Amino acid sequence: MGNYTAPTAIVREDVILGRDSKVWHFCNIYGCKIGDNSQVGSYSEVKSGVVIGDNCRIQPYVFIPEGTHIGNNVFIGPRVTFLNDKFPTARKAIEGTWTLDSVVVEDDVTLGGNVTINPGVKIGRGSFIGAGSVVTRDVPEYSVAWGNPARVHGDARTEPYTSKLKSERAKA
């Protein structure tokens, strides 16, 4: 099918859009890199310097600010918000003196709807973050975490999580 950019999306010329990737309606996409076969849902905003890997699915109303790095095969639920400054003020934003504190999301991560990820957080490979969670600290690889603040409640490689993944794969 090739790349697709909705006619209502604003995608700056300095955006690198990978093969077979799609940007849906009313998105604002600035100087970032989006990998192959990835999709950005309607009403999302992706700022300059963001890197999004291959085979990612970003649902509607997602905000991804400067300095965020998203790995491959990442699912980002609707209304997920990434943050990149621990102490934001209007003055620092206007003057450009704020401190960038990047977020890293490793490969094969799932973020449920309405998750908020605080500045400087790293979410480890294969982790699942439950809907509505507020991630305030690093999440180890293959963690299942939820809550406010998000806490680890399980390992994605163990029951009951593996049987849920097997049943999803069987449906595919």
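Visitor: Among contacts between residues at least 6 apart in sequence, what share joins residues at least 24 apart?
Guide: In the protein chain that share is 14%, with contact meaning heavy atoms within 4.5 Å. Bear in mind that this is a predicted model, where local features need pLDDT of at least 70 and side-chain atom pairs count only at pLDDT 80 or more, while totals for chains, interfaces and linings use all residues. Residues are numbered from 1 along each chain as its sequence is written, and side-chain values use heavy atoms, with hydrogens and water left out.

Visitor: What makes the chain as compact as a globular protein of its length?
Guide: First, the inventory: two helices and 22 strands, which are DSSP runs numbered from the N terminus (helices are H or I, at least four residues; strands are E, at least two). The radius of gyration is 16 Å, close to the 16 Å that the globule rule gives for 172 residues, so the chain counts as that compact. The radius is taken over C-alpha atoms, and the rule is 2.2 Å times the number of residues to the power 0.38.

Visitor: Why is Ser21 called buried?
Guide: Its relative accessible area is 0%, and buried means under 20% (exposed is over 50%, partly exposed in between; 1.4 Å probe, protein chains only). So Ser21 qualifies as buried. Ser21 sits in the loop between strand E3 (16-17) and strand E4 (22-23). Leaving aside neighbours within four places in sequence, its contacts include Tyr4, Ile34, Gly35 and Asp36. A polar atom of the Ser21 side chain also lies 2.5 Å from the backbone oxygen of Gly35.

Visitor: What makes E9 and E12 a pair?
Guide: Two strands pair if DSSP finds at least two bridges between them. Two bridges join strand E9 (residues 51-52) to strand E12 (residues 69-70), so by that definition they pair, and they run parallel. Ile52 has Ile70 in E12 as its bridge partner.

Visitor: Which strands are at the edges of the open sheet?
Guide: The sheet has six strands in the order E3-E6-E9-E12-E15-E18, with parallel pairing. E3 and strand E18 (122-123) are its edges, as each pairs on one side only.

Terms used. Polar contact = N/O pair within 3.5 Å; in protein donor to acceptor, adjacent residues only side chain to side chain.
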